[in-house]
Each structure stands twice: as structure tokens, then as C-alpha cells.
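Trainee: Could we go through how to read a few local features in a model?

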Amino acid sequence: MALVVFNQKGGVGKSTITCNLAAISASQGLRTLVIDLDPQGNSSSYLLGESATEDQANVGGFFDFCLSFSFKPLTATDFVIPTPFDKLHLMAANAELNELQTKLESRQKIYKLREALQQLSEDYDRIYIDTPPALNFYTRSALIGATGCLIPFDCDEFSRKALYTLLDNVQEIKSDHNPELEVKGIVVNQFQPRANLPQRIVDELIAEGLPVLQPYLPSSVRIRESHEQSRPMVYLDPKHRLTQALVELHDTLFAKPKKKASKSR
Ligand SMILES: Nc1ncnc2c1ncn2[C@@H]1O[C@H](COP(=O)(O)OP(=O)(O)OP(=O)(O)O)[C@@H](O)[C@H]1O
Ligand SMILES: [Mg+2]
């Protein structure tokens with residue numbers, strides 16, 4: 001299962017949610033991979049901290065390989081590195097992604113990530129993909145390759161309006177390229193239960209039939225410490241209310257559908 005975390009709007013919590021859900025999967029013993037497609041590299045520095053090195057394998061290397069024709073078969077795992085956390089691996093971002101984009105577009109490499117994900121899904125139980133705040137080559141590649149899409153939402157009125165276009169974009173990619181893609185839902189982030197406006201905005205989304213996931217993620221300054229220390233919440237503070245909400249969200253996402261009780265005759 002490859003889950004892409006996507007919202008064209010910046011700063012809604014994509015990287016935070018990607019890394020924290022991935023850390024929870026890993027802490028539950030699942031072989032987990034994060035693919036960071038954002039040249040800003042926020043997820044990469046969140047997960048690697050000081051263990052990041054200049055010469056580490058990265059996702060730019062993977063796309064570069066896709067551009068250089070080779071008889072050597074592509075092995076996506078060559079571009080994966082471990083993180084300091086057990087069972088949590090990373091395809092790190094690098095600034096080269098910016099330069100590569102035009103070439104990748106003109107040479108029509110949009111299905112390469114999908115091929116890589118098919119290979120990687122043999123080695124990993126969960127794959128999370130962090131995307132840049134734009135609907136560009138990398139985001140499209142991820143939506144074409146993933147099986148699920150999560151949309152972080154920051155309870156802002158402008159974001160609410162942008163959600164409809166965003167969902168249309170996802171549906172278009174699904175119908176043109178990836179029938180398997182499923183919108184897993186909207187993740188309400190930085191929710192402030194005591195303020196009226198966020199509650200109203202979220203209630204409106206639900207009334208309009210949008211797939212809003214439970215629980216909502218509270219706003220907490222602890223997340224800054226988590227970023228600073230490069231330790232996702234489940235390792236930094238497992239009992240914190242934000243960690244608990246993330247764990248519940250994780251479990252909601254991966255809950256097995258309940259079997260219907262068989263009717264007795
Ligand atoms: N639940 C939360 N509580 C408090 N602050 C949060 C929460 N989630 C995210 N933030 C803060 O919001 C900011 C943006 O988060 P993040 O980088 O995860 O968003 P993003 O969508 O990945 O941004 P970009 O579009 O730039 O990649 C960060 O400073 C982060 O600390
Ligand atoms: Mg980000």
C-alpha cells in the first residue's frame with residue numbers, strides 16, 4: 001500500500017503527517033518507507049536529523065537514473081537509505097529535483113515512480129509519499145503510482161475552497177491513469193476545538209459529503225520540538241495527545257474492514 005500525502009497549499013502539515021504516520025507504522029513493526037518528493041526536503045531532515053550526509057543515495061539519483069538509458073535494470077531499493085529508527089527507511093529528497101523536473105516531463109517519465117513503487121511494495125508493508133505544495137511532475141507521478149491519497153487540511157476558508165479543485169484533480173488522475181487510486185480522506189490538522197470557525201468549516205465539509213477522517217489532529221507546539229530534535233512524536237512523546245490522535249488516525253486508516261456476521265438460517 002502506497003499512500004501519497006497531497007495538498008497544493010503550503011504549510012498544511014503534509015510533511016508532519018507523512019513522517020508521523022510512517023513512524024507509527026514502523027513502531028508497530030511494519031517495514032515502512034518514506035519517499036520525499038519535495039526539493040525542500042523537510043521530511044528528509046525530520047527523519048534523518050544529523051545523520052544526513054552529502055553523499056547519501058536519494059530520490060534525485062533515482063530520477064536521474066530514469067533519464068540515463070541503461071541496460072541495467074532499475075532497482076529502486078538502491079536509492080533507499082535507513083533512518084535512525086527501526087524499520088523506517090527513506091528515499092531522501094535533494095535540491096536536484098528542481099533541475100530534473102523539465103527533463104523528466106519532456107522525456108515522459110511520469111510512470112517511472114509507479115514502476116518503482118511496484119518493486120518497492122515487495123520490500124515494504126507501508127510506503128508514504130510526501131509531496132511538494134504544487135501539482136507538478138512529482139505530485140502527478142505520486143498520484144499515478146499510489147493506491148491511496150490523504151489530504152491534510154488546515155481549517156482555513158481559502159483551503160476549503162481549494163479542496164474542490166484538488167479533489168477534481170485527483171479524480172482526473174484516477175480516471176486517466178490510476179483506477180486503483182482511492183481518496184482515503186481529509187485529515188483535519190491543527191484543529192482548535194474551542195474556536196467556532198474551524199468547527200463550522202469542518203462541519204460544512206462533512207455536510208457536503210466530503211470524506212473527513214477522525215480524529216482531528218490538535219494543534220500543539222510540541223511538534224516544533226519534534227521537528228527540531230528530528231524525532232517523530234511517537235518516539236519523542238508517545239503519551240502526548242497529538243501522538244494519541246495520530247495513532248488513532250493511523251489505526252482508522254489501516255483498519256481491516258469488519259467481516260459481516262454470517263446470518264444463521
Ligand atoms: N498539529 C500541528 N500543531 C502545530 N503545528 C503544526 C501541526 N502540524 C503542522 N504544524 C506546523 O505547521 C508548519 C507546516 O507543517 P509542514 O511542514 O508539515 O507542512 P507542509 O504541508 O509539509 O508544508 P510545505 O507545503 O511547505 O511542504 C510547521 O511549522 C509545523 O510545525
Ligand atoms: Mg512539506
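This is a predicted model: local features need pLDDT of at least 70, side-chain atom pairs count only at pLDDT 80 or more; totals for chains, interfaces and linings use all residues.

Trainee: Which side chain makes a polar contact with the side chain of S226?

Mentor: That of Y46, at 2.5 Å. S226 belongs to helix α9, residues 222-228.

Trainee: Why does S226 count as buried?

Mentor: Buried means under 20% relative accessible area. S226 has 0% relative accessibility, so it counts as buried. Beyond its neighbours within four places in sequence, S226 is in contact with Y46, R231, P232, M233 and L236.

Trainee: Now a charged residue. How far from R126 is the nearest side chain of opposite charge?

Mentor: A salt bridge needs a side-chain nitrogen of Lys or Arg within 4 Å of a carboxyl oxygen of Asp or Glu. For R126 the nearest side chain of opposite charge is D125, 6.6 Å away. R126 is buried and has no salt bridge. R126 lies in strand β5, residues 126-130. Residues up to four places away in sequence aside, R126 touches M1, S25, L30, R31, T32, L33, H250 and F254.

Trainee: And the ligand: how many residues surround ligand 1?

Mentor: There are 17, and the closest are G13, K14, S15, T16 and S220. Look next at backbone atoms. An oxygen atom of ligand 1 lies 2.8 Å from a backbone N or O atom of S15, and an oxygen atom of the ligand is 3.0 Å from one of V12. A polar backbone atom of S220 is 2.9 Å from a nitrogen atom of ligand 1. Of the 630 Å² of accessible area that ligand 1 has on its own, the protein covers 81%.

Terms used:
Residues are numbered from 1 along each chain as its sequence is written. Chains are lettered from A and ligands numbered from 1 in the order in which they are written. Side-chain values use heavy atoms; hydrogens and water are left out. Helices (H or I, at least four residues) and strands (E, at least two) are DSSP runs, numbered from the N terminus. Buried means under 20% relative accessible area, exposed over 50%, partly exposed in between (1.4 Å probe, protein chains only). Lys and Arg count as positive and Asp and Glu as negative; His and the chain ends are not counted. Contact means heavy atoms within 4.5 Å. A polar contact is a pair of N or O atoms within 3.5 Å; within protein, one must be able to donate a hydrogen and the other to accept it, and residues adjacent in sequence count only if both atoms are side-chain atoms. A residue is near a molecule or strand if one of its heavy atoms lies within 4 Å of it. Accessible areas come from the Shrake-Rupley method with a 1.4 Å probe; for residues, only the protein chains shown count as cover.
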